[in-house]
Amino acid sequence: MNTFVNAFDQWIRGAFVEMNTELEETYFAQQDKSAVEDVGTATKTQLVEEGRGFIADLLNEGNTDEGFDQAFDLLGNVGLYMAACRRHDITEPSRETSSPLAEASGLAMHLGSSLNVTPRFATSHLTTHNSSLNGHYKSFTSLPDEYLFIEYNTRGVFAFKRAADALVRVLPLGISHPVSYHLLMDVKLALQDVVKINEQLFEHLDTQRFFYCVRPYYKPYRVGQHEYRGANAGDFAGINELDILLGLCSANNTSYSQLLVDKLLYMMPYDQQRLREVMRQTSLLDSFLAASNNQTDQDWYQRNTALFLEVCEAHGETAAQHHEQLVGKFIERPSTALPEQRLKNITASGPPLPVLISALEKLRDLRTAAQPDAARRDDIPSRYADYDRLRASLR
């Protein structure tokens with residue numbers, strides 16, 4: 001790591017965290033915890049100018065690329081700085097046509113384009129690719145609830161990745177292979193881990209601290225002239241690999257394929273390639289349906305189909321849990337206490353909260369293979385009938 005990169009990294013891990021924490025404690029002590037515009041001006045100025053100085057040195061140096069890992073890590077540090085400026089209302093996309101953080105934008109766009117990723121910080125910068133030095137990983141603040149959120153999110157992402165890794169390995173073996181049963185069991189156990197991890201997070205995470213002091217760092221911000229949505233915990237391939245291979249979602253469905261297009265560059269390049277590969281595969285659901293035409297009397301069919309359905313139920317449970325507990329408890333309900341004028345910038349993905357909630361409900365119902373019902377859900381291509389057919393084929 002060269003001198004300028006190292007100096008910026010040390011600042012991100014040190015003074016940057018201290019200033020953000022100081023500002024968060026000041027905001028949280030107010031009656032209106034969401035009022036940040038005219039608070040802590042001196043600290044905000046210090047944060048902006050110190051960060052700009054490090055970034056200017058990097059820009060003047062010119063060649064900052066010493067391999068993918070270092071360049072990606074540097075992009076994350078630039079992104080953390082820009083996200084903090086957005087959180088503290090130093091920048092605000094709706095009142096700008098171009099980011100006032102010109103040096104940061106220039107470096108972020110250079111790094112993002114060279115790495116084929118979005119030019120802002122992504123989930124992986126704080127989870128799967130967040131290097132720890134002497135036991136300390138990167139964060140915006142030193143608040144216990146942010147540490148809790150990052151650590152449990154990271155555990156959840158890796159559990160989903162374990163599930164996807166096992167499921168992908170079924171493809172070359174085929175659904176009737178004896179080892180496919182054991183791989184499906186690995187998928188089920190990993191998804192059960194996701195549920196347990198989320199339960200622990202939801203139990204211990206403080207709603208007010210998350211809503212007011214953690215969530216705001218994940219908002220959209222501009223890089224140059226373009227506004228990029230905030231980082232999302234689902235910005236990795238694993239969860240979509242599960243969606244597609246289980247047959248719950250299809251890349252041919254317009255709304256779901258739009259989701260994939262929107263998140264592709266927020267993933268690591270390796271994850272991008274994995275997702276593209278999976279989009280070309282026949283789902284395991286379709287393979288089991290084909291076998292149900294003439295092989296239901298086979299022992300392998302009864303055994304593997306039953307477990308496959310349990311895997312699908314486990315994946316659906318993670319989706320329902322995420323929507324009904326994380327979104328409901330930590331975003332939707334606390335937002336009711338906000339003044340009307342603050343609701344427009346509440347979501348990390350950009351659209352108003354009711355629009356986001358509606359989109360997430362559709363995704364939840366796809367992942368749970370919700371039963372079509374004219375009074376409730378007849379606007380998505382649910383695979384309920386296909387799963388029901390498999391259930392009926394079991395002895």
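**Entry 1**

I began with Asp-297, which I found in the loop between α14 (284-291) and α15. I am working with a predicted model here. Is Asp-297 buried or exposed? Its relative accessible area is 52%, and the cut-off for exposed is over 50%, so Asp-297 counts as exposed.

Next I looked at Arg-395. I then asked which residue Arg-395 forms a salt bridge with. The partner is Asp-299, with 3.7 Å between the closest N and O atoms. Arg-395 sits in the segment after α17 and Asp-299 in helix α15, so this pair ties together parts that are 96 residues apart in sequence. Both Arg-395 and Asp-299 are exposed.

**Entry 2: Other salt bridges**

I noted a count of 22 salt bridges. One network of bridges with shared partners joins Asp-9, Arg-13, Asp-73 and Lys-138.

I also picked out two bridges with buried members. Arg-86 and Glu-92 meet through their side chains at 3.3 Å, N to O. Arg-86 counts as buried at 5% relative accessibility, and Glu-92 is buried with a relative accessible area of 7%.

The other bridge is between Asp-271 and Lys-161, where the closest N and O atoms are 3.3 Å apart. Asp-271 belongs to helix α13 (residues 269-278) and Lys-161 to helix α7 (residues 144-168), so the bridge ties together parts 110 residues apart in sequence. Why does Asp-271 count as buried? Its relative accessible area is 5%, and the label needs a value under 20%, so Asp-271 qualifies.

**Entry 3: Ring pairs**

My note for aromatic pairs reads 18. I opened the pair of Trp-11 and Phe-54: the ring centres are 5.6 Å apart and the planes meet at 35 degrees, so the pair is tilted. Trp-11 is in helix α1 (residues 3-13) and Phe-54 in helix α3 (residues 41-61), 43 residues apart, and the pair links these distant parts of the chain. Trp-11 is buried at 6% relative accessible area, whereas Phe-54 is partly exposed at 23%.

Then I turned to Phe-308 and Tyr-387. This aromatic pair is stacked, with 6.2 Å from centre to centre and 15 degrees between the planes. It links distant parts of the chain too: Phe-308 lies in helix α15 (residues 299-335) and Tyr-387 in helix α17 (residues 384-392), 79 residues apart. Phe-308 and Tyr-387 are both buried.

I also found a cluster linked by ring pairs, with Phe-8, Trp-11, Phe-16, Phe-54 and Tyr-81 among its members. Others in this cluster include Phe-121, Phe-140, Phe-149 and Phe-210.

Arg-209 lies over the face of Phe-28, 3.9 Å from the ring centre. The charged end of Arg-229 sits over the ring of Tyr-266, at 3.9 Å from its centre.

**Entry 4: Nonpolar cores**

Which residues touch the most other members of the largest nonpolar core? They are Tyr-81 and Phe-308, in a core of 106 residues. Helix α15 gives the most to this core, with 12 residues.

I listed the contacts of Phe-308, leaving aside neighbours within four places in sequence. Among them are Leu-184, Leu-246, Leu-284, Leu-285 and Phe-288. Tyr-387, the stacking partner of Phe-308, is in contact with Phe-308 as well.

A second, separate core has 5 residues, including Phe-28, Leu-143, Tyr-212 and Cys-213. Phe-28 is also the ring under Arg-209.

**Entry 5: Positive phi**

Most residues other than glycine have a negative phi, so I looked for exceptions. Asn-134 has a positive phi of about 55 degrees. Asn-134 is placed in the loop between α6 (123-126) and α7, and it is exposed with a relative accessible area of 78%.

Ala-369 has a positive phi of about 50 degrees. Ala-369 is found in the loop between α16 and α17, and it is buried at 10% relative accessible area.

**Entry 6: Confidence**

Last, I checked pLDDT. The chain averages 91, and 93% of the residues score at least 70. Which element has the lowest mean pLDDT? It is helix α16 (residues 353-367) at 82, while helix α2 (residues 15-28) has the highest at 98.

Methods:
Residues numbered from 1 in each chain as written. Predicted model: local features only at pLDDT ≥ 70, side-chain atom pairs only at ≥ 80, totals over all residues. Heavy atoms only, no water. Phe/Tyr/Trp six-rings, centres within 6.5 Å; stacked < 30°, edge-to-face > 60°. Helix = DSSP H or I, 4+ residues; strand = E, 2+ residues; numbered from the N terminus. Buried < 20%, exposed > 50% of the residue type's maximum accessible area, 1.4 Å probe, protein only. Lys NZ or Arg CZ within 6 Å of the ring centre and 35° of its normal. Salt bridge = Lys/Arg side-chain N within 4 Å of Asp/Glu carboxyl O. pLDDT = per-residue confidence, 0-100. Core = buried A, V, L, I, M, F, W, Y, C linked by side-chain atoms within 4.5 Å. Contact = heavy atoms within 4.5 Å.
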